[in-house]
Amino acid sequence: MPLINYETVKEAVQNRNLIGRISNEDPVFLMPPGGPKLPQNLIDVVIQWNKDGLIEE
């Protein structure tokens, strides 16, 4: 799941359960794959961005 620009991240949030993946505690589903879980403050930013309507700034 490439997350390289606004469109790909927006699509991942809308159609690929990105928020579920980055929020998951199960090591099998960790995002980024094979890496450490994202810091909670970054996860919170993505969740808030989604709640705010995925606005491109």
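User: Let's start with asparagine 17. Is it buried, partly exposed or exposed?
Analyst: Asparagine 17 is partly exposed, with a relative accessible area of 49%. Keep in mind that this is a predicted model.

User: Okay, and where does asparagine 17 lie?
Analyst: You'll find asparagine 17 in the loop between helix 1 and helix 2. Its phi is positive, about 60°, although asparagine 17 is not a glycine.

User: What does alanine 12 touch?
Analyst: Leaving aside residues up to four places away in sequence, alanine 12 touches Met1, Leu3, Asn17 and Leu18. So the asparagine we began with is one of the contacts of alanine 12.

User: Switching to helix 3. How many residues does it have?
Analyst: Helix 3 has 12 residues. From its first C-alpha to its last, helix 3 reaches 16 Å, close to the 16 Å expected at 1.5 Å a residue.

User: Which residues of helix 3 are buried?
Analyst: Ile43, Val46 and Trp49 are buried in helix 3. Seen down the helix axis, the buried residues of helix 3 fall within an arc of 125°, so they line one face.

User: Why would residues a few places apart end up pointing the same way?
Analyst: An α-helix has 3.6 residues a turn, so residues three or four places apart point the same way.

User: What do the buried residues of helix 3 pack against, and what's exposed on the other side?
Analyst: The buried residues of helix 3 pack against helix 1 and helix 2. On the other side of helix 3, Asn41, Val45 and Lys51 are exposed.

User: How many aromatic pairs are there?
Analyst: A search of the whole structure finds 1 aromatic pair. Tyrosine 6 and tryptophan 49 form it edge-to-face, 6.1 Å centre to centre with 75° between the planes. The pair links distant parts of the chain, with tyrosine 6 in helix 1 and tryptophan 49 in helix 3, 43 residues apart.

User: Last topic: how many salt bridges?
Analyst: The count comes to 2 salt bridges. In one, glutamate 11 joins arginine 16, with the closest N and O atoms 3.1 Å apart. Lysine 37 forms a salt bridge with glutamate 25, and there the closest N and O atoms are 2.5 Å apart. Both lysine 37 and glutamate 25 lie in the loop between helix 2 and helix 3, so the pair ties together parts that are 12 residues apart in sequence.

User: How exposed are lysine 37 and glutamate 25?
Analyst: Lysine 37 is partly exposed, with a relative accessible area of 25%, whereas glutamate 25 is exposed at 62%.

How values were computed
Residues are numbered from 1 along each chain as its sequence is written. This is a predicted model: local features need pLDDT of at least 70, side-chain atom pairs count only at pLDDT 80 or more; totals for chains, interfaces and linings use all residues. Side-chain values use heavy atoms; hydrogens and water are left out. Rings of Phe, Tyr and Trp (its six-membered ring) pair if their centres lie within 6.5 Å; planes under 30 degrees apart count as stacked, over 60 as edge-to-face and the rest as tilted. Helices (H or I, at least four residues) and strands (E, at least two) are DSSP runs, numbered from the N terminus. Contact means heavy atoms within 4.5 Å. Buried means under 20% relative accessible area, exposed over 50%, partly exposed in between (1.4 Å probe, protein chains only). The expected span of a helix is 1.5 Å times one less than its number of residues. The arc is that of the directions from the helix axis to the C-beta atoms. A salt bridge is a side-chain nitrogen of Lys or Arg within 4 Å of a carboxyl oxygen of Asp or Glu.
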